[in-house]
Amino acid sequence: MSKLTKNDIKLKEPIVWHKGWDVPYRRFVGSVGAKFLRGLGTGKILAIRCEACKKTIVPPQNVCPFCFAETGTSWVELSGYGSLVTYTTAYYTARSQPVPPPYVMGLIKLDAADTSLVHYINEVDVADVSIGMRLAPVFQDMPKGNILDLKYFKPM
Amino acid sequence: MSKKTTTPAKTGKTEPEYMSLPIPMKLPFAWAVGEHLGRFYQELRDNAIIYGDVCPKCGLCLVPPRVICPRCFVRMDEWVEMGPRGTVLTYDVVQHVFWDPILAKNRPVPYTHAYIQLDGPDAGAFSHVLQETNPQHLKTGMRVEAVFKPKEQRLGEITDILYFKTVEDRK
């Protein structure tokens with residue numbers, strides 16, 4: 001057995017592995033999430049009303065984010081209209097983005113709701129978006145059973 | 001479980017319809033193996049030689065080679081040709097089907113994962129798979145030999161070694 005040094009093994013070119021991880025999974029949304037998503041598919045924004053503190057929560061959750069009680073089974077349908085609480089504009093391109101930039105994401109306080117919903121703001125020039133502007137929902141014609149059945153919000 | 005799972009009692013409410021969202025996730029990456037491992041994978045690909053490196057201080061030999069000795073923290077700059085035969089230190093026959101994110105499919109089972117001490121200087125364990133998957137034909141201390149892919153199929157990866165086959169051999 002002969003010992004070599006690294007100079008005895010000439011490196012021809014760098015070796016680079018081009019690989020990837022393919023990680024498919026399913027996320028179960030629970031009974032509350034399922035009811036909300038099915039509502040979106042029929043053009044309705046459903047909210048859950050906490051039976052303990054009477055707050056209206058959208059997107060609905062099993063546990064109230066205000067009082068931590070179980071929210072129960074009291075549902076309300078919202079008008080879908082709301083006001084923009086805050087927003088951000090994305091100019092950066094990344095592979096994981098569902099829509100090409102520039103686009104606006106906003107925190108939307110729907111009328112009669114006590115929480116805000118994060119969603120896209122579209123059909124508006126990026127420069128014309130302002131806090132407090134009134135927004136209306138735009139639904140998908142062909143619902144797929146996910147949050148994008150509510151496509152985006154547009155100015156009223 | 002003796003207790004029967006029952007659906008909630010009829011309360012007049014409609015049962016919730018559960019649903020799930022398929023979330024496909026693809027994470028491509030490029031990994032440059034570096035100068036040190038580059039020599040190892042190049043020689044695997046071009047000459048079907050398994051190289052290890054030796055610590056000049058403690059004599060530990062590692063396959064695949066590492067730049068720094070994990071015991072003495074000195075540079076491992078002596079290279080030696082290992083194997084292709086070796087001795088099985090331990091093994092495990094995998095029967096359970098599981099998702100392999102690199103293959104993007106379920107790993108074919110059964111397969112035998114083994115730690116092999118390749119012939120050469122005081123060698124550490126080399127992790128690879130054995131051709132033999134019948135537990136009755138496997139035992140620690142058995143002699144095995146590396147089987148390479150045909151040269152035109154070798155890509156400079158650890159899978160350029162297909163598996164280790166059982167050989168009748170006394171060390």
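Predicted model: local features only at pLDDT ≥ 70, side-chain atom pairs only at ≥ 80, totals over all residues.
Across all chains, the structure contains 7 aromatic pairs. In one of them, the ring centres of Trp17(A) and Tyr41(B) are 5.0 Å apart and the ring planes meet at 70°, so the arrangement is edge-to-face. Because Trp17(A) belongs to strand β1 (residues 16-22) of chain A and Tyr41(B) to helix α1 (residues 34-47) of chain B, this pair joins two chains. Both Trp17(A) and Tyr41(B) are buried. An edge-to-face geometry is also found for Trp21(A) and Phe29(B), with 6.3 Å from centre to centre and 85° between the planes. Here Trp21(A) is located in strand β1 of chain A and Phe29(B) in strand β2 (residues 26-32) of chain B, so that this pair, too, joins two chains. Trp21(A) is partly exposed, its relative accessible area being 44%; Phe29(B) is likewise partly exposed, at 32%.

The charged end of Lys55(A) is placed over the ring of Phe66(A), at 5.1 Å from the ring centre.

Glu157(B) occupies the loop that lies between β11 (143-148) and β12 (161-166) of chain B. With a relative accessibility of 15%, Glu157(B) falls in the buried class, because that class comprises values under 20%. The side chain of Glu157(B) forms a polar contact with the side chain of Lys19(A), at 3.2 Å. When residues up to four places away in sequence are left aside, Glu157(B) touches Trp17(A), Lys19(A), Tyr41(B) and Leu44(B). Two of these neighbours, Trp17(A) and Tyr41(B), are the partners in the edge-to-face pair with centres 5.0 Å apart.

The cysteines were examined for disulfides. A disulfide is a covalent bond linking the sulfur atoms of two cysteines. The search of the whole structure returned 0 disulfides over all chains. For Cys50(A), the nearest cysteine sulfur is that of Cys67(A), 3.6 Å away, and Cys50(A) takes part in no disulfide. This distance does not qualify because a disulfide requires sulfur atoms within 2.5 Å. Cys50(A) is buried, with a relative accessible area of 1%. Cys64(A) is in no disulfide either; the nearest cysteine sulfur belongs to Cys53(A) and is 3.6 Å away. Cys64(A) is buried, with a relative accessible area of 1%.

Notes
Residues numbered from 1 in each chain as written. Chains lettered and ligands numbered in written order. Heavy atoms only, no water. Phe/Tyr/Trp six-rings, centres within 6.5 Å; stacked < 30°, edge-to-face > 60°. Helix = DSSP H or I, 4+ residues; strand = E, 2+ residues; numbered from the N terminus. Buried < 20%, exposed > 50% of the residue type's maximum accessible area, 1.4 Å probe, protein only. Lys NZ or Arg CZ within 6 Å of the ring centre and 35° of its normal. Polar contact = N/O pair within 3.5 Å; in protein donor to acceptor, adjacent residues only side chain to side chain. Contact = heavy atoms within 4.5 Å.
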